[in-house]
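Please have a look at the sequence and the structure first.

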Amino acid sequence: MGAIAYTLEPGSPPCFALDQVTGVLAVPLDREQQSSYVLWVQAIDGGKPALSAVAQVTILLLDVNDNPPVVLFPQSNLSFLLVLPSTAPGSSITEVYAVDKDTGMNAVIAYTIIGRRGPRPESFGIDTSTGNITLQESLVKSDCGLYRLLVKVSDHGYPEPLHSTVIVNLFVNETLSNESYIENLLRKDTNIRIEESVPETRVDPFQTKLDQFPCQGVLIALSATCFGLLTVMFSLMCCLFLKKRKHKSNDYNVAEVEIPLNKSIASHSLEKKPMNDSDL
């Protein structure tokens, strides 16, 4: 009689498995495939006649940092780009572009050069936010040659960020006469020493907390609204209280004015009259 059985109503996602005794849902979910589900659960007792109830269950999946950034450009560690020695400092040379399947701060990407090789490798720098590589210094004839930049592409995931790496190859020269020679150099020399001190990309911890708790902003706004309403209500109560006291004070003043009038009327009504002999 008291036993309750749980079942999924038609139209619910087929990937869910519902324990008919405990009502526990068991299914492996991946937010990158689908971020929310809506299903209907029926609970029915063992009575005669059996009674039942149906509830709608909405499942929202939170993001877990389980996807490292994927570099889309450059497409290969063996690709290269020609850079003219006459290129002006500050010019944009190329860019590293990556995407992340996660959301929020788990998908915010930072770009950092962690290894360099070349005649004067510090001549090139990268924008940590956009991945744009620019020329930092003027180039001279002695700076011609092959430059290799090892770029680390990392997200700001919590609790541990994930990263990928890619090599950007830049060939500084007036012309590109022998491509096969450069390709042979790239295949033979694949090792790039990682720099000991790499500048860290700092993220505002407050922003990270907001992202991990996306409803926190809404809660703060609701709290501020409630506080404002309480303040207005308190002000109204104070105004009503003061107004009530003012009315009472006015009543007292009226009473004080009426008292002498009543006395005068009473004294007038009690005025002595002469008595006649017939009254005795």
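V151 touches V96, Y111, T112, I113, I126, S164, T165, V166 and V168, leaving aside residues up to four places away in sequence. Contact here means heavy atoms within 4.5 Å. Keep in mind that this is a predicted model, in which local features need pLDDT of at least 70 and side-chain atom pairs count only at pLDDT 80 or more, while totals for chains, interfaces and linings use all residues. Residues are numbered from 1 along each chain as its sequence is written, and side-chain values use heavy atoms, with hydrogens and water left out.

V151 also belongs to the largest nonpolar core, which has 20 residues; V96, Y111, F124, V151 and L170 touch the most other members. At least two residues of this core come from each of β10 (109-117), β11 (124-126), β12 (132-135), β13 (145-155) and β14 (163-172). A nonpolar core is a set of buried Ala, Val, Leu, Ile, Met, Phe, Trp, Tyr and Cys residues joined through side-chain atoms within 4.5 Å. Buried means under 20% relative accessible area, exposed means over 50%, and partly exposed lies in between (1.4 Å probe, protein chains only). Strands are DSSP runs (E, at least two residues), numbered from the N terminus. There is also a second, separate core of seven residues, including F16, L18, Y37 and L61.

Now for the charged side chains. How many salt bridges does the structure hold? There are four, a salt bridge being a side-chain nitrogen of Lys or Arg within 4 Å of a carboxyl oxygen of Asp or Glu. Here are three of them:

| D63 | R31 | 3.0 Å |

Why does the pair of D63 and R31 tie together parts that are 32 residues apart in sequence? D63 lies in the loop between β5 (52-60) and β6 (70-73), and R31 in the loop between β3 (25-26) and β4 (36-45), so the bridge spans that stretch of chain. D63 is buried at 18% relative accessible area, and R31 is buried at 16%.

R120 sits in the loop between β10 and β11, while E137 is in the loop between β12 and β13, 17 residues apart. R120 is buried, with 19% relative accessibility, whereas E137 is partly exposed at 30%. D143, also in the loop between β12 and β13, is 23 residues apart from R120 and is buried at 5%.

Finally, salt bridges that share partners join R31, E32 and D63 into one network.

Technical notes
Helix = DSSP H or I, 4+ residues; strand = E, 2+ residues; numbered from the N terminus.
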